[in-house]
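This report sets out selected features of the structure shown below.

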2 protein chains.
Amino acid sequence: MAEDNVIYVGNKGVMSYVLAVVTQFNQGTEEVEVKARGKSISRAVDVAEIVKNKFLDEVNIEEISTKTEELENDDGSESKVSAITIRMTAPQ
Amino acid sequence: MAEDNVIYVGNKGVMSYVLAVVTQFNQGTEEVEVKARGKSISRAVDVAEIVKNKFLDEVNIEEISTKTEELENDDGSESKVSAITIRMTAPQ
């Protein structure tokens, strides 16, 4: 998947990510992955639901997967954080 | 699905929900649904990942689905909130 097709959800307002996803689909992309870690996971779900319900009826949430990632802290120790990938597809 | 097999994740510490899920599986339940709304969605993902990775290797995250729910506010107006259901299964 091209880099552009992955939207990383962080701390910005939910609508900036919604617009990023909608823009991708409007440019003809068939598949967009919405990814987030930790507390941003809730926002990623909001993004996918708002895209589907308010903007692009025809887009589907194809698959949602989760995993645990290890992050290295500044002091060299490791923390584990949950991550989500929401795969959205548009019928062609 | 019996009521007991649904764990609603809210504002308590993540481990109380992890233990609730682990207890269900240890009692022989084949399937547990972990549900959450709004900001608790991130915690629900943590619960599922911790159950799978730290406690019950054999348990799988079978399917994750999201939806938008409408809540009635105290003043009668409606708010929309994202919700997640994480279906976990144990091989019998």
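This is a predicted model: local features need pLDDT of at least 70, side-chain atom pairs count only at pLDDT 80 or more; totals for chains, interfaces and linings use all residues.

## A salt bridge in chain B

B:Glu63 has a relative accessible area of 41% and is therefore classed as partly exposed. The partner of B:Glu63 is B:Arg87, with which a salt bridge is formed; the closest N and O atoms of the pair are 3.4 Å apart. Because B:Arg87 belongs to strand S4 (residues 78-89) of chain B and B:Glu63 to strand S3 (residues 60-72) of chain B, the contact ties together parts that are 24 residues apart in sequence. B:Arg87 is likewise assigned to the partly exposed class, at 22% relative accessibility. This value lies just on that side of the boundary because the term buried is kept for relative accessible areas under 20%.

In chain A, salt bridges with shared partners join A:Glu31, A:Glu63 and A:Arg87 into one network.

Over all chains, a search of the whole structure finds twelve salt bridges. Side chains of opposite charge can pair when their charged atoms come close. One of the pairs is formed by A:Glu69 and A:Arg37, whose side chains meet at an N to O distance of 2.8 Å. A:Arg37 itself is partly exposed, its relative accessible area being 43%.

Strand S3 of chain A also holds A:Glu70. A:Glu70 forms a salt bridge with A:Lys80, and here the closest N and O atoms are 3.9 Å apart. The distance is still counted because the cut-off for a salt bridge is 4 Å. A:Lys80 lies in strand S4 (residues 78-89) of chain A, ten residues from A:Glu70, and the pair links distant parts of the chain. The two partners fall into separate accessibility classes: A:Glu70 counts as partly exposed at 46% relative accessibility, whereas A:Lys80 counts as exposed at 58%.

The secondary structure of chain A consists of two helices and four strands. Along the sequence these elements follow the pattern β-α-β-α-β-β. Taken along the principal axes, the C-alpha atoms of the chain fill a box of roughly 45 × 25 × 20 Å. Chain A has 92 residues, of which 43% count as buried.

A:Phe55 is part of helix H2 (residues 41-55) of chain A. The relative accessible area of A:Phe55 is 38%, which means that this residue is partly exposed.

Within chain B, the axes of helix H1 (residues 14-26) and helix H2 (residues 41-55) come within 9 Å and cross at roughly 55 degrees. H1(B) and H2(B) are therefore oblique to each other. Their crossing is right-handed.

A further crossing involves both chains: the axes of H2(A) and H2(B) come within 6 Å and cross at roughly 115 degrees. H2(A) is therefore roughly perpendicular to H2(B). The crossing of H2(A) and H2(B) is right-handed.

## Buried positions and separations in chain B

Helix H1 of chain B contains B:Tyr17. At 7% relative accessibility, B:Tyr17 counts as buried. B:Tyr17 and B:Lys80 are 63 residues apart along the chain, and their C-alpha atoms are separated by 25 Å.

B:Thr85 lies in strand S4 of chain B and is also classed as buried, with a relative accessibility of 12%. From B:Thr85 to B:Val6 the sequence separation is 79 residues, while the C-alpha atoms of the two are 9.4 Å apart in space.

How values were computed
Residues are numbered from 1 along each chain as its sequence is written. Chains are lettered from A and ligands numbered from 1 in the order in which they are written. Side-chain values use heavy atoms; hydrogens and water are left out. Buried means under 20% relative accessible area, exposed over 50%, partly exposed in between (1.4 Å probe, protein chains only). Axes are lines fitted to C-alpha atoms, for helices over the stretch in contact, and angles run from 0 to 180 degrees between N-to-C directions. Angles under 35 degrees count as roughly parallel, over 145 as roughly antiparallel, 65 to 115 as roughly perpendicular and the rest as oblique. A crossing is left-handed if the near helix is turned anticlockwise from the far one by less than a right angle, and right-handed if clockwise.
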